[in-house]
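Hi,

Here is the structure I promised to pass on. Have a look at it first, and then read on for what turned up.

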Amino acid sequence: MDGKPSKNESSEIAGRIYDVSDYKREDVVSSGLATTHEQVSDTYAEGEIKAVIDDVNGKDIEIKKEGSEEERK
């Protein structure tokens, strides 16, 4: 073959979801799933409290949330 996955193999890859064991596997799909899972987890955890925009000059710009405690005062 020419090294490309067949349609059946592509469908199997497209149907894969993250599994904890992906961190220990060596294949490209598992590595990608593990990396994406870690990035999403980090973003979710980091973005929950005091969301900020990183300014190019190094100053963080706070994103105000509608209905936050600060606006109610």
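One definition before anything else: a residue is called buried when its relative accessible area is under 20%, exposed when that value is over 50%, and partly exposed in between. Keep in mind, too, that this is a predicted model.

With that cut-off in hand, start with D22. D22 has a relative accessible area of 1%, so D22 is buried. Where is D22 found? D22 sits in the loop between α1 and α2. Leaving aside residues up to four places away in sequence, D22 touches R16, I17, S30, S31, L33 and A34.

**The overall layout**

Let me step back to the whole chain for a moment. The protein chain has three helices and two strands, and from the N terminus on the order is α-α-β-β-α. Of the 73 residues in the protein chain, 7% are buried. The protein chain exposes about 6,800 Å², and 53% of that comes from carbon and sulfur atoms.

The contacts are worth a look as well. If you take the contacts in the protein chain between residues at least 6 apart in sequence, 0% of them join residues at least 24 apart.

**The salt bridges**

How many salt bridges does the structure hold? The count is three, and R16, D22, R25 and D27 are linked by them in a network. Here is how the pairs go:

- D22 with R16: the side chains meet in a salt bridge at 2.6 Å, N to O.
- D22 with R25: here the salt bridge between the side chains is 3.3 Å, N to O. A polar contact of 3.3 Å also joins these two side chains.
- R16 with D27: this salt bridge between side chains comes in at 4.0 Å, N to O. R16 lies in the loop between α1 (7-14) and α2, and D27 is in the loop between α1 and α2, so this pair ties together parts that are 11 residues apart in sequence.

D22 is the buried residue I opened with, at 1% relative accessibility. R16 has 29% relative accessibility, so R16 counts as partly exposed. D27 is at 33%, which makes D27 partly exposed. R25 has a relative accessible area of 40%, and R25 is therefore partly exposed too.

S30 belongs to helix α2 (residues 28-46). Is S30 buried or exposed? S30 has 0% relative accessibility, so S30 counts as buried. The S30 side chain makes a polar contact with the side chain of R16 at 3.2 Å. Not counting residues up to four places away in sequence, S30 touches R16, D22 and R25.

**An aromatic pair**

There is one aromatic pair by the rule used here. The pair is Y18 and Y23: the ring centres are 6.0 Å apart and the planes are at 85°, so this is an edge-to-face pair. Y18 counts as partly exposed because its relative accessibility is 25%. Y23 has a relative accessible area of 41%, so Y23 is partly exposed as well.

**V20**

V20 is found in the loop between α1 and α2. At 62% relative accessibility, V20 is over the cut-off and therefore counts as exposed. V20 and L33 are 13 residues apart along the chain, and their C-alpha atoms are separated by 9.7 Å.

**A nonpolar patch**

Last item: which residues form a nonpolar patch on the surface? They are I53, I61 and I63, and together they have about 240 Å² of accessible area. I63 lies in the loop between β2 (60-62) and α3 (69-72). With a relative accessible area of 38%, I63 is partly exposed.

Cheers

Technical notes
Residues are numbered from 1 along each chain as its sequence is written. This is a predicted model: local features need pLDDT of at least 70, side-chain atom pairs count only at pLDDT 80 or more; totals for chains, interfaces and linings use all residues. Side-chain values use heavy atoms; hydrogens and water are left out. Helices (H or I, at least four residues) and strands (E, at least two) are DSSP runs, numbered from the N terminus. Buried means under 20% relative accessible area, exposed over 50%, partly exposed in between (1.4 Å probe, protein chains only). Contact means heavy atoms within 4.5 Å. Accessible areas come from the Shrake-Rupley method with a 1.4 Å probe; for residues, only the protein chains shown count as cover. Rings of Phe, Tyr and Trp (its six-membered ring) pair if their centres lie within 6.5 Å; planes under 30 degrees apart count as stacked, over 60 as edge-to-face and the rest as tilted. A polar contact is a pair of N or O atoms within 3.5 Å; within protein, one must be able to donate a hydrogen and the other to accept it, and residues adjacent in sequence count only if both atoms are side-chain atoms. Patches are made of residues with over 30% relative accessible area and no salt bridge: like charges are joined within 9 Å, nonpolar side chains (Val, Leu, Ile, Met, Phe, Trp, Tyr) within 5 Å.
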